[in-house]
Amino acid sequence: MTASLAPEVRRLVVATLVNTFGNGVYAAVGALYLTRGAGLSVAEVGLGLTVAGLVGLLASTPLGVVADRLGPNRAYVGFLLLQALTMTALTQVGSLALYVVVAAVTAIADSGQRGAKGALIAGLVPADQRVRTRALLRVTTNIGMGVGMALAGIVLAVDRREVYVVALLANAATYLVTAALVRWRMARVAPVPSAAGPSGLAALRDRPFLAFVALDGLLSMHNAMAQVAIPLWVATATDAPTWLVSVLLVVNAAAVILLQIRVARGTERLAGAARAGRRAGLLLALACAALAITDVTSGTLTVVLLIVAALVHVLGEMLQSAGGWGISFELAPPGGQGQYQGAYAMGHQVGDLLAPLVLTVVAVSWGWPGWLLTATIFLVAGLLVPVSVRRHPRWTTEPAPVPA
């Protein structure tokens, strides 16, 4: 896959594959380690994750400024090393207080590396190839995460604290390897002097951009929809076999791997990216409508509708991702990619905080009325994405307006 890629893109792919392999291992074993190995309760783990989410949200944009000023390479390496440190520290957690501290610092490091990585892509890749590169890296992420989660099955089968610790340390090692690849294998993107870039936290004063970030955050709730809401809905509200949950998750992962790059075509410029956001909202709304119908169907019809919902959902998911990448890159002023990428990540962080409430309490618990309300949220958010983009000053440089 990497043979025909530009050297810098190929190096980004390799670094991402290493990093996400470790993340996949931790995604599969982390919760069980914290409850069985570290002795925390489920409620304590939830509290720590909530605190971490809020800390990461507040730190995201300021840390993006750090990436601009230090240079994305140096910042990215620093945040990866901090993640290696916090993952190692997690093996020593034995109390709620220590866990909250480690989780909060981890969130800071994670938010920082997201903005730095976005700025690094913007600096290494020509403008018309940035979205394609993001799409390729998303495919790579799915592959790396999938392999990591599969191998983590060995850890889960043994189910012993010392094996969980080895898995966490292995994840820490992948951060070190990724940092080494960024430090010694990638071209250096120069830092932006404060006089040459946007002043202060310009992204947080950019109202049209923040409006887009908020709308994109609502659309990003599709992540929890695939991983939490649909599995719960299948298991508790339909007569479909529970093994269908695995089928739907495989369909989602396979579609992203096979189609994300193709779906991202045409989203390199603002007009195409804004259209993708609008279409994403429509498709996610249609997926919710299909799920609502399964509240009153049974048998084969329910299974067919669930598969249709999964397919429509993943197409909307891919369009939302591609549109968000294109808009976030294009609306960032020269010298401000780090902070704008950090601010862009805030939308997804807000979506992650809202999604459990909206999708479990409203959609799953209320049944078909809840799914229709969720569909309305997605539809309205998607329709407003082009509106927010058209109101941005940088839209005047775009040659092709979004059709009505």
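## What counts as a cavity

A cavity is a set of points, on a 1 Å grid over the protein atoms alone, where a 1.4 Å probe fits but cannot get out; lining residues have an atom within 4 Å of a point. Grid points are joined across faces, edges and corners, and a volume is the space filled by probe spheres set on the points.

This is a predicted model: local features need pLDDT of at least 70, side-chain atom pairs count only at pLDDT 80 or more, and totals for chains, interfaces and linings use all residues. Residues are numbered from 1 along each chain as its sequence is written, and side-chain values use heavy atoms, with hydrogens and water left out.

## The largest cavity

Two cavities reach 30 Å³ or more. The largest holds about 90 Å³ of space. Its lining is made up of Ala 226, Ile 230, Pro 231, Val 245, Leu 248, Leu 249, Asn 252, Ala 310 and His 313. Helix H8 (222-237), helix H9 (244-263) and helix H11 (299-331) each give two or more residues to this lining. Helices here are DSSP runs (H or I, at least four residues), numbered from the N terminus.

H9 provides the largest share, four residues. By class, the lining has seven nonpolar residues, two polar and no charged. Ala, Val, Leu, Ile, Met, Phe, Trp, Tyr, Cys and Pro count as nonpolar, Asp, Glu, Lys and Arg as charged, and the others, Gly among them, as polar.

## The second largest cavity

This cavity has a volume of about 40 Å³. Among its lining residues are Phe 212, Asp 216, Gly 277, Gln 320 and Val 385. Helix H7 (207-219), helix H10 (270-293) and H11 supply at least two residues each. The largest share, four residues, comes from H11. The lining divides into five nonpolar, four polar and one charged residues.

## A buried serine

Ser 111 sits in helix H4 (residues 96-124). Ser 111 is buried (under 20% relative accessible area, with a 1.4 Å probe and protein chains only). Its value is 2%. Beyond its neighbours within four places in sequence, Ser 111 is in contact with Gly 56, Ser 60, Leu 63 and Gln 349. Contact means heavy atoms within 4.5 Å.

## Confidence

pLDDT is the predictor's confidence in each residue, from 0 to 100. The chain has a mean pLDDT of 91, with 96% of its residues at 70 or more. Over residues 399-404, pLDDT stays under 50, and the model has 16 contacts beyond four places in sequence for them. Where pLDDT is low, the predicted coordinates should not be read in detail.

Terms used:
1 Å grid on protein atoms, 1.4 Å probe; cavity = no way out; pocket = protein on both sides within 12 Å on 5 of 7 lines; lining within 4 Å. Buried < 20%, exposed > 50% of the residue type's maximum accessible area, 1.4 Å probe, protein only.
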